[in-house]
Structures are given as C-alpha cells and as structure tokens.
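Hi there,

Here is the two-chain structure I promised to pass on to you. Please have a look at it first, and then read my notes below.

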Amino acid sequence: MIGRNLLALQTRAVSSKYPRPTPRHYKRRLFEAALQPEVPQIQKTCVSPDFAYRQKIEESKKYSEVELALANLVKQWLTNGEFRVMAVCQFLPVPGRTLWFAKNQLRSKNIEFRNYGNKILKKVFEGTPMSSLDVVLVGSNAILLGKDLSAIKSIIQEADKLNWLEPLVIMADNRILSMEFARNLSKLTSLEDLRVETSQILGQQTAQFSQTLDQATRQLSGLLDVYQQQK
Amino acid sequence: MASKAAARVRKKEIIKVVHGALLKTNIKAQMASAAPPLGPQLGQRGLNVANFCKEFNKETGHFKQGIPLPTRISVKPDRTYDLEICTPTTTWLLKQAAGIGRGKASRDEIVGKLSVKHLYEIARVKSRDKALQGVPLQEICQNLVKTCRTIGIEVQNEDLNVDELKVFLAERKQKVEAQLKDLADKKAAKMLRTT
C-alpha cells in the first residue's frame, strides 16, 4: 500500500499529465506568491451581448480594401461587357464538379454565371438604378448575364433544368421584369414576334385613320351628287 | 491478466468508409494493374479490377506507354462504371515540351523555358477534355501559365533561341544531377543513422 502511494507520488512529480493537488501546499503557495511578477491590475470590462452583436453587424457592413477592389473590377467588367440581360438567382449548394459543368454549359448558350457575394454585388450596384435589386440579394445568390435580349428565354430554359438555381428577378436593359412577365416573354418563339405585332398595331391605326378621313370626303361627294340630282 | 485477455477478445472497431460515386485518379497509359494503389481503390468500390485494367489498357492503346492520364471513374450502384479518360496531365505535357524531368525544388528556381506558342498548342490539346469543353482557350492558357509558375518554367512571348536553350539545358542537367546526388546522399545517411 505504501509502495503504491509512493509510486503515485513519484509519477505525479515527474509528469504534467496528472492533476496537481488543489489547494497546493501552503509552502508552495507562499513560494508562488513571492515569485509573482508585479504588474498593474487589469480591470475587466463587461460587454453586453446586445452591444457585441450590434458591433459585429456594424463591422460586417464595412468593406475591406480587397472587397472594394473586387467590386470595382466587377463593375468595370459589367460595363465593358455590354450585358443587356441580368438575372438574379437563388443559388443552392451544389457539388463543385456539377457547378463547373453547368457553368460551361451556360457559357455555350452565351450566358455567364457569376457568384460573387451579396456584399460585393450591393457595392457594385450602389448609386445606380440597379440598387433597387438589393432587396433580392439575401442569402446565397448568383447572377446570370446575357448580351442579347433573347437571353431571357435561354436563361429561363436553362435555369429550369438546374434544380439548384432559381431565378428571382430578371433585368432587361434598364427595366426590372417580374418572373411571371419574363416567363410570358420566354413562351414566344422569338422577340421579333413582339416587334411585328407592335408594327402591325401601329400600321392598323394609321390605316384606320386614313380610311375614316377618306370616308368623310367620299360621303361629302356622295351627298353633293344626291343633292345635285334632286335639283 | 484478465483485462489483457478481454482486450484480445474484443474486436477492433471497423469504421466503414462510404466512398463517393466518383473516383479521380491518374493512371499511366497501358499500365493499369491490380497492384496498389489502383487495385485497392477500385476493389473498395466493388469493381472488377481485372476487367477494369483490361478495358483501360485497351482504351489507352493509342497513347505511349507510361503517360499519366487523369481518369474519372463514376461508379454506379450496380457496380458498373463510366470511364472517362482525359488528355495527359498538364504538368507532364509542360515538362515534355520544356524537355525536363524535374520541377523546381526551391523558390525562384527556373527549370525550363517555353514560349507562348508552346502553351497555345498544349491548351488546344487540353481543350479536348470533357471538363474543359466550352471554356475559352484564353482561360485555359492562363491556367497553363499558372501551372508553369508552380513547376518553375519561364514563359516568354518571344520564340526560344535554340543555342541559348541548349546551353541552359546543359547547365540545368548538371544542377539536377547534383540535386539528385544530394538527395541520395541524404537518404543513405538517414539509413545509416537508423540502423
């Protein structure tokens, strides 16, 4: 028994893996107190969780230099690229390989897929009419870009095939289109149809107008004829 | 004593590894065999290793023997598989083009030289890969330049000067030999120290 205790003490003395006896022996406490360095006491301050949370949010709103540079780069790229259609989509988690193949597939249909963070996009759109898109930039988003108006159709078609990409809003030139309207547009075989329809309506109006004018003159001459015959 | 016996009886806890459906490996052309590391990798996924090797070696018949080929094997639940053999690895192609066998060992070491024309040709070869279909050639070239940097190959816009390159390669050969000798010496010294 004594031997075992001695063994335990010995092991305790050589290894730091065993807990030291607490409280320590008074001699040891005196020794440590004598050796303690004299430093000014640090006053602990309590930060309320609410304040800490608010501070964290404030900090997350600030932009670092790298983020600002990226935002500038994206802005330049968007303006130089002369994109006419942009779709903001909800972007759900997807394996990297699938995403890579989908990106290439979209690129072959002249659609660019980009997923910069919402923070960057908000900075890019800041001070432009596009800042009204900020309301949809919540959570995980990606943007699809097309250089042609017919890209609306291809964006909707391609996004329907991908279950991890859901378009929320589409922007064509400087107009924001709702998804319902965009879907209606995508049902047309081509946007040329709309142009033909519009020109047809306009042509109809002018034709009707000239017809009405003609009718009045014809009626007048008819009336005069009748009047002459009666005389 | 009793605890030892109990420990002996207790079975080892076997953690079953769930493998993904996709296996990405580099296999040397016409050299697929059931030996490690390929054999166990395929075996754990429940594939018939012998049949796989036979098919792979047959499919890579038009390549020179020993060229590392990135291979993507997607294993289906019924143990059949889709084999996708890509073009040779970028590093291998770049090293072959530069006429070197060894990449850089230290920072800022230049191990070879290539012109942009070489990179363009390699990019055209790589663009045939399934994963790079639809990717603009410019992007592939940019990635090649990055890879060149990691290997230590200097890329220049002008054509390579044959005489300069010859001298450079001769110097480089001596350096590589010295490096390899150093390594061998270190290895031998280590062996002596442990025994």
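From the N terminus on, chain A runs α-α-α-α-β-α-β-α-β-α-β-β-α-α, which amounts to nine helices and five strands. Helices (H or I, at least four residues) and strands (E, at least two) are DSSP runs, numbered from the N terminus. The model is a predicted one, so local features need pLDDT of at least 70 and side-chain atom pairs count only at pLDDT 80 or more, while totals for chains, interfaces and linings use all residues. Residues are numbered from 1 along each chain as its sequence is written, with chains lettered from A and ligands numbered from 1 in the order in which they are written.

Chain A

Of the 231 residues in chain A, 12% are buried. Here a residue is buried if 20 or more other C-beta atoms lie within 10 Å of its own, exposed if 12 or fewer, and partly exposed in between, with C-beta atoms placed from the backbone. Among the contacts in chain A with a separation of 6 or more, 77% are between residues 24 or more positions apart; a contact means that the C-beta atoms, placed from the backbone, lie within 7 Å.

The largest nonpolar core has 20 residues, and those with the most contacts inside it include A:Val85, A:Ile111, A:Ile143 and A:Ile170. By nonpolar core I mean a set of buried Ala, Val, Leu, Ile, Met, Phe, Trp, Tyr and Cys residues joined through C-beta atoms within 7 Å. At least two core residues each come from strand S1 (85-91), strand S2 (111-114), strand S3 (141-146), helix H7 (151-161) and strand S4 (165-172) of chain A. S1(A) gives the largest share, five residues. Apart from its neighbours within four places in sequence, A:Ile155 is in contact with A:Val85, A:Ala87, A:Ile111, A:Leu144, A:Gly146, A:Pro167 and A:Ile170. There is also a second, separate core of 13 residues, with B:Ala98, B:Val111, B:Leu119 and B:Ile140 among them.

S2(A) has A:Ile111 and A:Phe113 on a covered face, and A:Glu112 and A:Arg114 on an uncovered one. In a regular strand the side chains alternate between the two faces of the sheet. Four bridges pair S2(A) with S3(A) in the antiparallel sense; strands pair if DSSP finds at least two bridges between them. A:Arg114 stands opposite A:Ile143 in S3(A).

The axes of H7(A) and helix H8 (residues 179-187) of chain A come within 9 Å and cross at roughly 105 degrees. Axes are lines fitted to C-alpha atoms, for helices over the stretch in contact, and angles run from 0 to 180 degrees between N-to-C directions. H7(A) is therefore roughly perpendicular to H8(A), a label for angles of 65 to 115 degrees. On the H7(A) side the contact is made by A:Ile152, A:Lys153, A:Ile156 and A:Gln157, and on the H8(A) side by A:Ala182, A:Arg183, A:Leu185 and A:Ser186.

Some backbone details may interest you. The peptide bond from A:Thr22 to A:Pro23 is cis, with omega near -10 degrees, and A:Pro23 sits in the loop between helix H1 (2-14) and helix H2 (26-35) of chain A. A:Asn110 is not a glycine, yet its phi is positive, near 60 degrees. A:Asp173 also has a positive phi, about 50 degrees, without being a glycine. A:Asp173 lies in the loop between S4 and strand S5 (175-177) of chain A and counts as exposed because it has 10 C-beta neighbours inside 10 Å.

Chain B

Chain B has seven helices and five strands, and 16% of its 195 residues are buried. Three of its strands form an open antiparallel sheet in the order S1-S2-S3. Strand S1 (22-28) and strand S3 (81-85) of chain B are at the edges with a single partner strand each, so one side of each has no neighbour in the sheet. S1(B) is joined to strand S2 (residues 68-75) of chain B by seven bridges, and B:Lys28 has B:Pro68 as its bridge partner in S2(B).

B:Val75 is found in S2 of chain B and counts as partly exposed because it has 18 C-beta neighbours inside 10 Å. The C-alpha atoms of B:Val75 and B:Leu22 are separated by 6.2 Å, although these residues are 53 apart along the chain.

Where the chains meet

The contact takes four residues from chain B and five residues from chain A.

Best wishes

Definitions and conventions. Contact = placed C-beta atoms within 7 Å. Parallel < 35°, antiparallel > 145°, perpendicular 65-115°, else oblique.
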